[in-house]
Amino acid sequence: MKTFIVGNWKLNFNVGEASIYLHKLQKKLPNYRDVEVVVAPSTIALQPLSLQIDRHKMKLAAQNAFYRDYGAFTGETSFSQLRGVVDYCIIGHSERRYIFGEDDKMVAKKMEAAVRNKITPILCIGETESERSFGETADVIRDQLLGGLRDVSEEDIDKVLIAYEPVWAISSGKNAKIASPDEVAEVVKLIRKTLEEIYGEKVAENMPVLFGGSVNPSNAGAYLTVPGVNGLLIGGASLILSEFADILEIAKRVRS
Ligand code: PEP
């Protein structure tokens with residue numbers, strides 16, 4: 001399985017800035033064989049960047065999309081409109097859940113729509129600090145995982161990526177903490193165990209599981225060597241070209 005390194009740019013970079021970043025990154029990047037490099041710019045930048053991107057070197061992800069293909073949904077962009085423009089879409093990010101009120105039902109519909117439109121969904125799951133402190137991590141992870149995958153058929157389950165992102169470790173959060181590799185290992189094990197119960201051993205083993213939460217060049221190597229972690233979802237550090245490039249090099253080194 002490849003190692004997935006996904007940069008989530010969130011609401012940063014206008015189209016010109018995004019294009020310059022992409023240009024510089026592509027120039028710097030070798031052709032990684034075992035590392036899938038993905039960046040997720042704002043929706044407005046996706047179309048122009050899709051014409052600029054060298055898909056042999058990297059891929060584009062959307063940060064969000066709506067599950068209906070067309071209709072009276074002011075302000076939305078559908079997965080069908082993004083088909084052919086992006087290869088991936090981040091779904092259920094904690095900022096969508098807690099700022100925009102997306103629940104597991106909405107997340108499930110988006111997962112289904114992504115797969116239907118040949119866009120690989122990256123399902124984000126993770127507990128908040130208070131859920132962890134009340135000992136609810138396992139329940140939250142299970143609920144978000146099963147809730148988010150509910151509308152994906154067994155036949156399509158191998159087209160999905162999971163990202164474990166403890167909300168308390170995301171750098172934009174108040175007093176973000178650093179998740180220890182052991183804490184990550186424990187939850188990733190739980191994710192795979194839950195997948196095994198529902199979909200069987202093969203699915204559980206083959207599902208790429210990424211980690212995200214304040215990843216930077218000094219901790220990337222440690223997270224990438226956590227058993228069961230197949231990649232990283234990176235917010236803040238992906239905005240700094242040199243840091244993102246350093247993380248890619250670390251990923252390549254860990255693989256070899
Ligand atoms: C994220 O928001 O997906 C994320 C992991 O952010 P950061 O790397 O900045 O913590």
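## Ligand shell and aromatic pairs

Phe13 counts as partly exposed, at 25% relative accessibility. Here buried means under 20% relative accessible area, exposed over 50%, and partly exposed in between (1.4 Å probe, protein chains only). The model is predicted: local features need pLDDT of at least 70, side-chain atom pairs count only at pLDDT 80 or more, and totals for chains, interfaces and linings use all residues. Residues are numbered from 1 along each chain as its sequence is written, and side-chain values use heavy atoms, with hydrogens and water left out.

**Aromatic pairs**

The whole structure holds seven aromatic pairs. Rings of Phe, Tyr and Trp (its six-membered ring) pair if their centres lie within 6.5 Å; planes under 30 degrees apart count as stacked, over 60 as edge-to-face and the rest as tilted. Phe13 pairs with Tyr21 in a tilted arrangement, 5.4 Å centre to centre with 45° between the planes. Tyr21 is buried, with a relative accessible area of 6%. Ring pairs also bring in Trp9, so that Trp9, Phe13 and Tyr21 are linked into a cluster.

Tyr164 and Phe211 form a tilted pair: their ring centres are 6.2 Å apart and their planes stand at 50°. This pair links distant parts of the chain, 47 residues apart, with Tyr164 in strand E6 (residues 161-164) and Phe211 in strand E7 (residues 209-212). Strands (E, at least two residues) and helices (H or I, at least four) are DSSP runs, numbered from the N terminus. Both Tyr164 and Phe211 are buried.

**The ligand**

The ligand is surrounded by 15 residues; the closest are Lys10, His93, Ser171, Ser214 and Gly236. A residue counts as near if one of its heavy atoms lies within 4 Å. By class, the shell has four nonpolar, eight polar and three charged residues. Nonpolar covers Ala, Val, Leu, Ile, Met, Phe, Trp, Tyr, Cys and Pro; charged covers Asp, Glu, Lys and Arg; the others, Gly among them, are polar.

| Residue | Polar atom | Distance to a ligand oxygen |
|---|---|---|
| His93 | side chain | 2.8 Å |
| Glu165 | side chain | 2.9 Å |
| Ser214 | backbone | 2.7 Å |

Taken alone the ligand exposes 290 Å², and the protein buries 99% of that. These areas come from the Shrake-Rupley method with a 1.4 Å probe.

**Two positive phi values**

Lys10 is not a glycine, yet its phi is positive, near 50°. Lys10 sits in the loop between strand E1 (3-8) and helix H1 (15-28). Lys10 is buried at 17% relative accessible area. Ser214 also has a positive phi, about 55°. Its loop runs between E7 and helix H10 (220-224). Ser214 is buried, at 18%.

Note on methods
Polar contact = N/O pair within 3.5 Å; in protein donor to acceptor, adjacent residues only side chain to side chain.
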